[in-house]
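Hi,

Here is the structure I promised to pass on. Have a look at it first, and then read on for what turned up.

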Amino acid sequence: MALECSWTATIDKHASEADLALGKLGDKFLITVGKELMTIKPLSCLGGKPYVLPLIQVKEVKLVTSEWAFPSFVVVGEKTVDEEAVSFFHKFFFDEGETAIVE
């Protein structure tokens, strides 16, 4: 049984909410979900360091499917910045549908 699952995804630049944390890091990402962390690594040469979210900060993950588009998923959560709760929202498309998921 795998302890991590990874897949490639493209950020949804047209989501209902702008992704302030990841929107400037590129379009394509490698997302890895482990036992305690979600790591979102930009695949562009300008992307920089991976964005790491402790799963305890993730409040909701939604899978969105449509017959007209690749499956996508939304990650919603809350983290503390300077002792203040800040909400976050990330939306991605699976690059190759379900075949993009690798263990």
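Two strands are taken to pair if DSSP finds at least two bridges between them. With that in mind, please also remember that this is a predicted model.

E1 (residues 5–11) and E2 (residues 28–33) run antiparallel and are joined by six bridges. One of the residues to look at here is Trp7, whose bridge partner in E2 is Ile31. Five of the seven residues of E1 are buried, so this strand is largely enclosed by the rest of the structure.

Next, the core. The largest nonpolar core has 16 residues, and those with the most contacts inside it are Leu22, Phe29, Ile31, Ile40, Phe73 and Phe92. Two or more residues each come from E1, E2, E3 (37–42), E4 (51–54), E6 (69–81) and E7.

Is His90 buried or exposed? Its relative accessible area is 0%, and buried means under 20%, so His90 counts as buried. Setting aside residues up to four places away in sequence, His90 touches Asp19, Ala21, Leu22, Tyr51, Leu53, Phe73, Val74 and Val75. With one of these, Asp19, the contact is also polar: the side chains of His90 and Asp19 make a polar contact at 2.6 Å. His90 also has a C-alpha atom 8.2 Å from that of Asp12, although the two residues are 78 apart along the chain.

Side chains of opposite charge can pair when their charged atoms come close. How many salt bridges does the structure hold? There are two salt bridges. In one of them, the side chains of Asp12 and Lys91 meet at 3.1 Å, N to O. This pair links distant parts of the chain, with Asp12 in the loop between E1 and E2 and Lys91 in strand E7, 79 residues apart. Asp12 is buried at 11% relative accessibility, and Lys91 is buried as well, with a relative accessible area of 19%.

Lys13 forms a salt bridge with Asp27, the closest N and O atoms being 3.5 Å apart. Both Lys13 and Asp27 lie in the loop between E1 and E2, so the pair ties together parts that are 14 residues apart in sequence. Here the setting is partly exposed: Lys13 has a relative accessible area of 45%, and Asp27 has one of 43%.

Finally, please take a look at the loop between E6 and E7, where Asp82 is found. Asp82 has a positive phi of about 50° although it is not a glycine. Glu83 is in the loop between E6 and E7 too, and its phi is near 65°, again a positive value in a residue other than glycine. Asp82 is exposed, with a relative accessible area of 74%, and Glu83 counts as exposed at 80%.

Happy to talk any of this through.

Best wishes

Note on methods:
Residues numbered from 1 in each chain as written. Predicted model: local features only at pLDDT ≥ 70, side-chain atom pairs only at ≥ 80, totals over all residues. Heavy atoms only, no water. Buried < 20%, exposed > 50% of the residue type's maximum accessible area, 1.4 Å probe, protein only. Contact = heavy atoms within 4.5 Å. Polar contact = N/O pair within 3.5 Å; in protein donor to acceptor, adjacent residues only side chain to side chain. Helix = DSSP H or I, 4+ residues; strand = E, 2+ residues; numbered from the N terminus. Core = buried A, V, L, I, M, F, W, Y, C linked by side-chain atoms within 4.5 Å. Salt bridge = Lys/Arg side-chain N within 4 Å of Asp/Glu carboxyl O.
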